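User: I am new to reading protein models, and I would like to work through one with you, step by step. Could we begin with how its chains meet?

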Amino acid sequence: MNDFDIVPLVPEIFMAMMGMGFLLVGVLQGNRATSVLIWASCVMLFITAVLTMNFDWDRPPTMNAMFILDEFAGSMKLIILLGLIASLALSNEYLQQERIARFEYPVIMIFAGIGMMLMVSATNMLSLYMALELQSLSLYVLAAFYRNSLKSAEAASKYFILGALSSGMLLFGISLIYGYSGSIDFATIKTSISGLEQIPPGFIVGMVFLLAGLAFKISAVPFHMWTPDVYQGAPSSVTAFFAIVPKVAAMGLLMRLCLDVFEPATEQWQQILYFLAVASLIVGSFAAIAQDNLKRLMAYSSIGNMGYILIGLVVASPEGAGAVLYFLLIYVFMTAGVFAIILTMRRDGLATVSIGDLAGLSQNNPILAYAMAILMFSLSGIPPLAGFFGKLFIFRAAIEQEFYILAVIGLLASVVAAYYYLRIVKVMFFDEPADKFDNIMGFERRAVLLISTAFVIGYIFAPSLVFDFAMSAVSSLFL
Amino acid sequence: MELLAVFAPLIAFLVAGIWGKAIGDKGCQLVTCTAVVVAALCSITLFFDMIGNLEEGGLVYTTEVMRWVSSGDFNVSWSIKIDTLSIVMMCVVNIVSACVHIYSIGYMSHDPSKGRFMAYLSLFTFAMLMLVTSDNMLQLFFGWEGVGVASYLLIGFWNHKHSANSAAQKAFVVNRVGDFGLALGIMATFYVFGSIEFSTIFDNPALYVDKTISIIGYDFHALTVICLLLFMGAVGKSAQLGLHTWLPDAMEGPTPVSALIHAATMVTAGVFLVARFSPLFEYAPTALMVVTIFGALTAFVAATIGMTQFDIKRVIAYSTMSQLGYMFFALGVSAYGAAMFHLMTHAFFKALLFLGAGSVIHAMSDEQDMRNMGGIWKKIPVTYALMWIGSLALAGFPFFAGYYSKDIVLEAAWADQTWFGNMAYWLGIAAAFMTAFYTWRLLFMTFHGEPRASQKVMSHVHESPATMTGPMIVLAVGAIFSGYVFYGGFVGSDGHHGQDHAKAIISSLDDHGGKHGEPTHKSEKSVAKKAHGEERGASLWTREYFWQDALIVLPENDTVEAAHNVPFWVKKMPFLMAVLGVLMAYLLYIRVPDIPAKVVTSFKPIHNLFFRKWYFDEIYDTIFVKNAFRLGRIFWISGDQNTIDRIGPNGIAGLSGRIAGGLSKFQSGYVYQYAFVMMITLIAIVSWFVFKADPSFYNSTTFETLSGITGNIPVKGMEE
């Protein structure tokens, strides 16, 4: 217990040190340094990823059992870092164009990143809460980054208020669990309830509160209501970040809690997540139909995708968990690609986000239109693109564990969801062309778009690579 | 080499199809023509490689291009199978295609979308090459459908013409019937052989002779079922009687298309298919009989119709159908080599005739009705001469290509010595007479007599440019010499030891008894080699060395061999008939031009039968088309509009819209409302667990502690 091995924390420590260093540079240099800092952050995050990869991923909990670096945490960290790099790269040009390129941006993102890295490594309710709040506070600030915009401020305050509420639930849940298990350490909590004939109702109530708090973070229905508003109000680059990364971290936390810590109470949390999954699938697919704003649409799209991911979690099998990780990785790629396009939509120097603005894109900018079409096909799950396999493995895991109804609901939801994804394709290819976009697409966006489309298309040639990665990652949760 | 021969047209199609606008019409023509010429040269090189290696067994190998499907026992790859059969087909396809490509530059010079046309031609060539070089049935099917698509696109190339569009659709729909049979055949093959790769299927089909397939309770001979299904596909694609109605209508396409697709290559795909599956057909005598009957009837019926038509292209189209009939009954009597021989010579002279007809049409300002032609032979002498060569070859005059191939086909049919073989022979002889008749009728009506066209058209008549006559001359060379040169290889046995050969067959029969064991060629070859080791050099140019194992014939079915020993009158009959036909045409259309009218009036019913194409179109229209429309309308109105649309698109989609609207009302934008929803949900979930929990809980000590913390929630449970 008194193991104070600091080595597994080196990537996080490195990140924190660099983040503070960047902050100093920013303070001294002012906003001129933003672009450089963003680049430097990307490089730094890449180094962190390399560092993470070079550690042995099979370690016992350290820091008084506050922190663990196991297969699962390591893999999740890599996905998080990937998402961070992508969203930072996407931001640079946008911030310049919108004239909000302040040096705090990359710094805050780095701190949010540290929070997420710690979240997936947390093995104690305390470290969990600390990490979660570090992340959340950073996100609140980012949402308000467009200081002059009323909408951005509104979005941020909504997010903050509701986020605080969810934190309250989370804390209340933790206190109940502490009350019934006598500990905040994950391993101890698990032992205290394992082997019990009945899980104490108080413990279950605590678990409900805890999961509700986390459901807010992954914007699962009905704790999703902030999502469309915040996505719409926040600067688009921040929206991209919101859509890509925090979901991964929160889902990682949820997976560790459900599959490992609350494993003896599987029957109970399954019921909660079952409900959340179904509600997310339905709302995510149906509500998106009525949207005209691309960012709102992506908000519902992410809600719907969380529904699929929750299916994989509910089935509580290694296959299901592997499928979750797998889906998350594919989701990161697809979302990054879509946002690279959304960020490029500018007309006469102003950002546009309505679906109608895409009209006739196939004539004005065929490459962009085809890339978008491929990503949309992938999101709606059309083979042989990557998105199809994400759904396929989720459904297969559900069928294996005999969650037939869940799989059917998921299938039907994907049919409905196909409507709004394909509507975008239709608008791009068959509608009367709208005015052209400003033809600016910087290197970073091109790179992100290229990599994500290449991944989506090329995935079919080496599917086992990603699949093996996902399966080995979740192996440490099912010991 | 073989990769270049197959994929050059694909590359040309992609370049011309995608960047057609960028490189312009000239660029498209250049790219596609170059690619196809290169492909043609490659195939010719392959052919000579093979000829050079006859002694070592020819050229037999398979180049795997890419793994395609690998699922359990089902393995398929994209590959190029090289053997004599595929090399011959590649040569025919690529040479004719190259001629047609170049010809099209001149013929389509007034057309606004030349680039598209050239791209389609290349696409067709590629699909056809995929078909003939495949080493499995799936790739064959891919090529089969690919040529179908290209044919559809090219028939309807002038898509502003209503008749062209409906002809294209007709071709597509009618072919669908045949393709359905082919698809079933492939499935049946997989069911019986557990593989669709040729190497596995043909390995030893004799083992499967006793297999049966059970269909609705009846057991059928498996190989016969497979062969008949495959033949069904061939009937559709090769326009045999029953599924032939699309071919004459397909003449709506530009003439080069008719020459390439509807005379020389695509329509012969059925012949190729049956020849390729000769190892299977050999063990399915019933299927062979069906093939013979179909072929013979087609040859006869098509010839009768051809005599009465007035559209120059339709006459040639029916002639094509008739000649395809010849090929099929040759296949039916196991004379695969003869069928392939006729396929090759026919490709040359029929393409030549079509291109000549195109040249005439071009000269006559797009006039196709022979009643409006006449007397133009002096104005277009080159075309006229070339048409003569084509006609002589078609009618089978000595030393022209058709003479060798048609004669061997007819002789083989006679030599088969079965009732259907005899029937095929006599129908073929009748068709040969009619062939000569309608061919010269065409020549006389088009080129001789009084000009019947208007003054304006006649003043316009001009010889075609070199891009058109050049390819025709190449084909004419083929039409003259291909018969004589390739006779030995395709069907010849080495004459000077024909007796020994017969003995060899007998001995091999003795060796293998009646057990249907080794196919002839293998055994023959070994025996022949042993017996004539010293004479090897001289005897290489024979069919057994030429075909190797590409065509398999059982010894007792070897009609080509027997055909060399038929009576004199059998051999000379076709030629006699051809001469009679020409004389008759001369009499009717040059000497006494008013006879035809009298004949028509006195034999009104028969003429009508022929002229209206035996009423096939009318019968199909009444039986299938009208009823299909009626049925379609029923499904459309009551099935689709009133049931599916109401529930599906209009019902569910409408509902989705309403749900979406309802859900977005929830999204009010007020924080307190969002918070309220969250809390309500939380309370609902907690209540769910509390109500659902085992009642014994509430009496336990655990419950005591719980109530202490969470207040009144469990109390509700108590009341429950």
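User: How many salt bridges are counted between chain B and chain A?

Analyst: This is a predicted model, in which local features need pLDDT of at least 70 and side-chain atom pairs count only at pLDDT 80 or more, while totals for chains, interfaces and linings use all residues. Residues are numbered from 1 along each chain as its sequence is written, chains are lettered from A and ligands numbered from 1 in the order in which they are written, and side-chain values use heavy atoms, leaving out hydrogens and water. A salt bridge is a side-chain nitrogen of Lys or Arg within 4 Å of a carboxyl oxygen of Asp or Glu. Between chain B and chain A, the count of such pairs is zero.

User: What area is buried between chain B and chain A?

Analyst: Contact means heavy atoms within 4.5 Å, and 38 residues from chain A and 28 residues from chain B take part. In chain B, the residues that lose the most area to chain A are B:Gln667, B:Met678 and B:Phe689, together 22% of what that side buries. Buried area is the accessible area (1.4 Å probe) that two parts lose on being put together, summed over both. Carbon and sulfur atoms give 83% of this area, which is about 3000 Å².

User: Why does B:Val382 count as partly exposed?

Analyst: Buried means under 20% relative accessible area and exposed means over 50%, with partly exposed in between (1.4 Å probe, protein chains only). B:Val382 counts as partly exposed because its relative accessibility is 35%.

User: How many residues of helix α11 of chain B are buried?

Analyst: Across the 720 residues of chain B, 56% count as buried. In helix α11 (residues 269-276), the buried residues include B:Phe272, B:Leu273 and B:Arg276. The helix is mostly covered, and its buried residues number eight of eight.

Technical notes. Helix = DSSP H or I, 4+ residues; strand = E, 2+ residues; numbered from the N terminus.
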